[in-house]
Number of protein chains: 2
Amino acid sequence: MKQKSITIYDIAREANVSSATVSRVIAGNYPVSEKTKKKVFDLIEKYDYQPNAVARSLTKKESKMIGVILPDITNPFFAQVFIEAEKYALTKGYTLILCNSMNSSELESKHLRVLSERQVEGIIFMGGRINKTHPKVSEINELKYVIEKIPVILVNGRMETLECPSISTNEAKGIELIIDHLVKQGHTMIGLIGGMTGITTTDIKVEAFRQNLEKHQLAAVDSWQIYSGYDVKRGKEAMEEMLKINKHNLPTAIIGINDLVVIGALKLCHQKKMNNFSFVGFDDSELTQNSIPEITSVSHPYKELGEKTVDMLIKSKTTDMKAENLFIDPHLVIRESTI
Amino acid sequence: MKQKSITIYDIAREANVSSATVSRVIAGNYPVSEKTKKKVFDLIEKYDYQPNAVARSLTKKESKMIGVILPDITNPFFAQVFIEAEKYALTKGYTLILCNSMNSSELESKHLRVLSERQVEGIIFMGGRINKTHPKVSEINELKYVIEKIPVILVNGRMETLECPSISTNEAKGIELIIDHLVKQGHTMIGLIGGMTGITTTDIKVEAFRQNLEKHQLAAVDSWQIYSGYDVKRGKEAMEEMLKINKHNLPTAIIGINDLVVIGALKLCHQKKMNNFSFVGFDDSELTQNSIPEITSVSHPYKELGEKTVDMLIKSKTTDMKAENLFIDPHLVIRESTI
DNA sequence: TCATGTGATGTAACCGGTTTCTATACAATG
DNA sequence: CATTGTATAGAAACCGGTTACATCACATGA
């Protein structure tokens, strides 16, 4: 329904040169006389000629596209990494294709397939549910199969069952920052709520939690660590349980596995009119600044995560990618909830 | 660095047929003998042959890609529409390319160009800063130029300077729902904060605000309507001003131009220990459920916005698109902040 | 029996670029 | 002057599909 666009041949014809010459003028990687160059550039401008990226992809066998598969772009963590990756990719001539898997392995597979058919040069895989307790082996196989053909990088996710390069926030370091801060504030009784055992990122945090309590010679009270999940509702539930089972022996500071959990806990405390806890979240999402009180939280190295991932993918075109696991340190943003 | 994939010719050779036949088997739009079909399908399965979408795009002159340009995927409104659009597009064989413009017209132009070169079949343009007070005419021209070549649809944005089809939430209706609800709750003194005059979506809401007050024969007190902006900070500022200039004549219910503004206003009221206002937001973002109190808000017809937009774009391939402006009614989600 | 229609398949052109190979003109070198 | 090198440019193949057109075998109907 729209007019057909002009091609390299149209330019060539009007300039009385061959398409090869026009191609060379554009690429600028081959000697072309100044006169011809000018003639071609003038025509390109005159018609606002835009090279057809699809045709170029086909001949050059490089699509200049990178796929991004994540559970849900609504999650501020994924959104932030994506934005940084996109910004960076653009400067490198790459385009990102975002795929929301909505935590469905079926969708994940479908997206994997589409991306592969579209000849993406690499796939960024975030927060997939692949971990040692993952129920569906089929999915891992699917991914494994793709990895053999397309470079895949995991962001903040590890796969015990599969060799795959990854880039992650050093979450253990994040927990260390939190506990150091809380101790400096005078806290000696610290709890941890949310998350699920078996999920890599939770396991790492819990492990770091215990180690750092020990480092400061603080008691690791078992009932002060409550698994529940990752959303606001779970946070509320966890806090409810915390209050119930520790009625007479409560921690003074509580770390949430992520910001949402803290929001939930805060809500419960507000309802119960208990405003005597310090809270720390994880992810430093916008929520932390919009809640009352504003929440101290660990901020991921978003920019590095995004850029390094894209870089590794681009590099993997020429260098064989080692299945290395890169960790980047986060930092702590201190707000009202811990002062 | 990865192995080359197999092509339709590989399949054809091993099946002792021509590539045309394989193509026909896959397309299934042409009679092929059962025997040949089976032979080909078996080989496709054996090698897990995946057609090269780039090559297909080139010959068929249809990329099956749609571009999406929006200011910032972090904004829950855009994210939600995107998710719905993507979900739907996938079922139709289309892939979306998300572009964050970060409110920079430079980036907008760059993305427009990239998308055009990639031969996208259409562009979904959300929340662009194009309106009657828009300072940069160059940008409009850029967009205008693209529109001549690629179908563009605006989502929740209108352009006075440019004929372009659009799909929008009926925001006036949203305001009507709010005011009807507040009146039913007994409110007779209603304020409106946030937004900016000159921005289409604000103008529409303000206009509807006044009309609906009139409908209920309520006073439209000038100082109860305060422009400020769109984020939490602006909301706080607006509320501060509201309290200052209306010290002895305050509204009892306050409508925010969006949810963020309400969050800001709530924060201020919390600081000032003034918990006697009813608040209503707009967008029904997750924030509304996570704040204290939970906020009554107008929910956009996300699913319809996403699906209808994709549908229109697909249809525009065969039918010439009228520059029509479609409106879809939102609904009101009632929460603690107005009871 | 011959003309015609139909099903199944192959051939080759095409999509819009890039790139290898080749050719030409001209300058520099011996 | 013959030889070699270099700058410039074209011809043609190629990327991996799709499809218009051609072909052929066989069935049908006059």
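User: What makes a residue pair count as a polar contact, and how many such pairs does the rule find across the interface of chain A and chain B?

Analyst: A polar contact is a pair of N or O atoms within 3.5 Å; within protein, one must be able to donate a hydrogen and the other to accept it. In this predicted model, the rule finds 20 residue pairs in polar contact across the interface of chain A and chain B, with both residues at pLDDT 80 or more.

User: Which elements give two or more residues to the side of chain A that touches chain B, and which gives the largest share?

Analyst: The elements of chain A are α4 (53–60), α5 (76–91), β2 (95–100), α6 (105–117), α7 (137–149), α11 (259–271) and α12 (287–290). The largest share, seven residues, comes from α6(A). By class, this side of chain A has 31 nonpolar, 21 polar and 16 charged residues.

User: How is the size of an interface often given, and what are the values for chain A and chain B?

Analyst: The size is often given as the accessible area lost when the parts come together. Between chain A and chain B the buried area is about 5,800 Å², of which carbon and sulfur atoms give 55%. In terms of contacts, 68 residues of chain A meet 68 residues of chain B.

User: Why is the pair A:Glu294 and B:Lys267 called a salt bridge?

Analyst: The closest N and O atoms of A:Glu294 and B:Lys267 are 2.6 Å apart. The cut-off between a Lys or Arg side-chain nitrogen and an Asp or Glu carboxyl oxygen is 4 Å, so the pair qualifies. The count between chain A and chain B is four salt bridges, and over all chains it comes to 34.

User: How do you know that A:Lys215 and A:Glu176 form a salt bridge, and where in the chain do these residues lie?

Analyst: Their N to O distance is 3.3 Å, which is within the cut-off of 4 Å, and therefore the term applies. The pair links distant parts of the chain: A:Lys215 belongs to helix α9 (residues 200–215) and A:Glu176 to helix α8 (residues 171–184), 39 residues apart.

User: Why are β2 and β11 of chain B said to stand at the edges?

Analyst: The six strands form an open sheet in the order β2-β1-β3-β4-β5-β11 (chain B), with parallel pairing. β2 (95–100) and β11 (325–328) each have a single partner strand, so one side of each is left without a neighbour in the sheet. Neighbouring strands of this sheet are turned by 20° against each other on average, direction ignored.

User: What makes β1 and β2 of chain B a pair of strands?

Analyst: Pairing requires at least two bridges. B:Ile66 stands opposite B:Leu96 in β2(B).

Terms used. Residues are numbered from 1 along each chain as its sequence is written. Chains are lettered from A and ligands numbered from 1 in the order in which they are written. This is a predicted model: local features need pLDDT of at least 70, side-chain atom pairs count only at pLDDT 80 or more; totals for chains, interfaces and linings use all residues. Side-chain values use heavy atoms; hydrogens and water are left out. Contact means heavy atoms within 4.5 Å. Buried area is the accessible area (1.4 Å probe) that two parts lose on being put together, summed over both. A polar contact is a pair of N or O atoms within 3.5 Å; within protein, one must be able to donate a hydrogen and the other to accept it, and residues adjacent in sequence count only if both atoms are side-chain atoms. Helices (H or I, at least four residues) and strands (E, at least two) are DSSP runs, numbered from the N terminus. Ala, Val, Leu, Ile, Met, Phe, Trp, Tyr, Cys and Pro count as nonpolar, Asp, Glu, Lys and Arg as charged, and the others, Gly among them, as polar. Axes are lines fitted to C-alpha atoms, for helices over the stretch in contact, and angles run from 0 to 180 degrees between N-to-C directions.
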